[in-house]
Amino acid sequence: LVGTLTDSSILKTKVYIGGEFIEAADGSTLEVVNPATGQRIATVPRCGANETRAAIAEAATAFESWGRRPGKERAAILKRWYGEVVSARDDITRLMTLESGKPLAESRSEFDNGVASIEWFAEEATRSCGDVLESPDRHRRFMVLKQPVGVVGAITPWNFPFSMITRKVSPALAAGCTVVLKPSEDTPLTAFALAGLAERAGMPRGVLNILTGDAKAIGEALVKSESVRKIGFTGSTTVGKLLMQGAASTVKRVSLELGGNAPFIVFEDADIEKAARDVVGSSHRNSGQTCICTNRVLVHESIHDAFVEALTKRVAALRLGSGLEAGTTQGPLISAAAVDRVEGKVRDALAKGAVAACGGARPSWEAGSPLAGGYFFEPTVLIGGTVDMRMFHEEVFGPVTPVYKFATDDEAVQLANDTQYGLAAYFYTRDLSRAWQVAERLEYGMVGVNEVAITSEVAPFGGVKQSGLGREQSKYGLAEFQDIKTVCLGIG
Ligand code: ADP
């Protein structure tokens with residue numbers, strides 16, 4: 001692995017606590033696997049509650065000075081970090097592909113989006129400001145200060161090993177908070193690389209701590225700690241609920257980015273080719289493993305057959321393989337268990353009357369191919385979807401596009417909202433009043449109208465219903481790391 005990197009010092013396989021790269025106290029380790037081959041690529045420390053408490057103590061000490069520095073000083077360090085990270089783009093994107101399986105082109109796009117958060121929040125650190133309010137009387141004046149909430153516990157998933165970290169850590173550090181981060185144990189190398197570059201950028205000791213290990217033990221130590229004042233989490237709704245419950249014991253703030261069940265409505269006046277292209281982009285990005293991936297395509301009955309033809313042609317042209325190889329558009333899923341879960345949902349849909357227009361099974365590789373040990377599933381289109389299928393209600397998190405029919409706008413909106421989730425929704429139409437009406441009626445935190453690339457460092461990202469709480473990115477995301485303090489000054 002080291003030989004494949006331009007700068008071998010990017011590869012770190014120890015946890016980063018109090019400015020030092022260290023092993024777990026008891027020396028135990030975890031294996032990191034390349035999901036395209038099933039082969040081990042590294043081992044990393046398996047920490048628990050003790051190391052987490054040590055990291056929290058470091059972050060709490062660092063907060064005393066980091067939180068009081070002028071925003072301009074924090075911005076300068078964030079900008080240096082940004083510079084170091086940008087110059088390591090090739091090596092980091094290679095690590096991202098090796099440990100997550102996503103094609104290099106997708107790693108690069110995630111990198112570019114993620115690094116933009118570091119730069120943008122560095123700039124915001126200098127611009128955030130409080131308020132002076134108009135007083136109702138002569139003898140008092142009211143001011144509002146924005147202050148960092150304190151130590152932040154951040155927990156991130158494997159599907160975006162880079163950008164889920166930068167979009168939490170950058171606003172936290174910009175606001176003056178310090179961080180204890182637990183990345184996914186499936187993709188720790190990208191996280192540790194970011195730690196090494198923070199150190200190179202002169203990030204003071206304890207401001208950013210990163211550790212891997214027993215997720216439950218680390219999570220519990222973070223939520224129970226009195227010093228940790230906020231939990232930022234991206235992952236499953238099940239774990240999000242556990243963390244929210246745990247955070248209640250100390251009344252911590254929580255920001256939760258949880259599961260989704262994104263509908264993509266194709267109205268009868270949509271540009272069919274464009275809609276088909278964007279359904280593929282949104283449904284098959286990262287092999288379907290993103291929380292804003294299209295999970296249900298709702299198509300008007302009058303254009304159903306033409307749309308399915310355009311969609312199937314595009315999905316059938318996707319190329320499955322190792323993310324490191326040029327020409328691969330679809331990588332593996334993250335684990336063997338993930339393939340089992342996707343296969344189970346596809347079988348359920350087929351048993352309930354869906355038909356596979358393409359894909360629908362695991363691929364068969366040539367004998368001796370290194371990919372035979374990888375966790376692959378064929379890009380799939382299912383037609384004849386019905387609401388009794390599990391995948392109508394559950395996130396598939398795999399390369400599967402189920403298509404359902406509708407007849408009226410009301411039915412489309414009702415089907416789209418018929419879920420416990422409310423993260424992202426998309427719809428395609430050329431009718432301006434329909435665009436506005438449907439955007440208002442969809443119970444989602446983010447709506448893409450004739451667009452699926454809905455994320456940006458400047459735009460709030462987050463969900464309603466059981467998709468989460470709070471917003472990341474943008475000025476709203478910075479506010480999640482700030483407490484508001486009212487100062488009332490008596491002036492006689
Ligand atoms: P996913 O299905 O995306 O893997 P998870 O919610 O299982 O979603 O994982 C997201 C993150 O939450 C990962 O970093 C994982 O290690 C962590 N995690 C899993 N279980 C727990 C837990 N009980 N407490 C805290 N973090 C957890």
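1. Over residues 23–487 the chain is 40% helix and 20% strand, with the end C-alpha atoms 45 Å apart. UniProt, in an unreviewed entry, places the feature "domain: Aldehyde dehydrogenase" at residues 23–487. UniProt positions follow the numbering used here, feature names are shortened, and annotations may be inferred rather than shown by experiment.

2. This is a predicted model, in which local features need a pLDDT of at least 70 and side-chain atom pairs count only at pLDDT 80 or more, while totals for chains, interfaces and linings use all residues. Residues are numbered from 1 along each chain as its sequence is written. The protein chain averages a pLDDT (the predictor's confidence in each residue, from 0 to 100) of 97, and 100% of the residues score at least 70. For the complex, the predictor gives an ipTM of 0.98 and a pTM of 0.98.

3. The ligand has 13 residues around it, of which Ala215, Gly219, Gly235, Ser236 and Val239 come nearest. A residue is counted as near a molecule if its C-beta atom, placed from the backbone, lies within 6 Å of that molecule. Helix H7 (215–224) and helix H8 (237–248) each supply at least two residues of this shell. The largest share, three residues, comes from H7. By class, the shell has five nonpolar, five polar and three charged residues. In this scheme Ala, Val, Leu, Ile, Met, Phe, Trp, Tyr, Cys and Pro count as nonpolar, Asp, Glu, Lys and Arg as charged, and the others, Gly among them, as polar.

4. For "active site", the unreviewed UniProt entry lists Glu257. Glutamate 257 lies in strand E11 (residues 253–257). Is glutamate 257 buried or exposed? Glutamate 257 is buried, because 28 other C-beta atoms lie within 10 Å. The cut-offs are 20 or more other C-beta atoms within 10 Å of a residue's own for buried, 12 or fewer for exposed, and anything in between for partly exposed, with C-beta atoms placed from the backbone. Leaving aside neighbours within four places in sequence, glutamate 257 is in contact (C-beta atoms, placed from the backbone, within 7 Å) with Thr234, Cys291, Gly462, Gly468 and Glu472.

5. The largest nonpolar core has 80 residues, of which Leu78, Trp81, Cys177, Val179, Ala193 and Ile210 touch the most other members. Helix H6 (residues 188–200) gives the largest share of this core, eight residues. A nonpolar core is a set of buried Ala, Val, Leu, Ile, Met, Phe, Trp, Tyr and Cys residues joined through C-beta atoms within 7 Å. Tryptophan 81 is in contact with Ile118, Leu197, Ala198, Ala201 and Met203, neighbours within four places in sequence left aside. A second, separate core of 59 residues includes Phe307, Val403, Tyr404 and Tyr428.

6. Two residues deserve a check on backbone geometry. Most residues other than glycine have a negative phi. Asparagine 286, although not a glycine, has a positive phi of about 50 degrees. Asparagine 286 is in the loop between helix H9 (272–284) and strand E13 (294–300), and counts as buried because it has 22 C-beta neighbours inside 10 Å. Serine 474 is likewise not a glycine and has a positive phi of about 70 degrees. Serine 474 is found in helix H15 (residues 474–479) and, with 20 C-beta neighbours inside 10 Å, counts as buried.

7. Helix H1 (residues 49–66) holds alanine 60, and asparagine 50 is also found in helix H1. Alanine 60 is partly exposed, since 19 other C-beta atoms lie within 10 Å. Not counting residues up to four places away in sequence, alanine 60 touches Val151 and Ser227. The C-alpha atoms of alanine 60 and threonine 178, 118 residues apart along the chain, are separated by 7.4 Å. Asparagine 50 counts as partly exposed, with 13 C-beta neighbours inside 10 Å. Its C-alpha atom is separated by 8.2 Å from that of alanine 25, 25 residues away along the chain.

8. Valine 438 is found in helix H14 (residues 432–441) and counts as buried, with 21 C-beta neighbours inside 10 Å. With neighbours within four places in sequence left aside, valine 438 is in contact with Asp409, Val413 and Phe427. Valine 438 and valine 44 are 394 residues apart in sequence and 48 Å apart in space, C-alpha to C-alpha.

Methods. Helices (H or I, at least four residues) and strands (E, at least two) are DSSP runs, numbered from the N terminus. Two residues are in contact if their C-beta atoms, placed from the backbone, lie within 7 Å.
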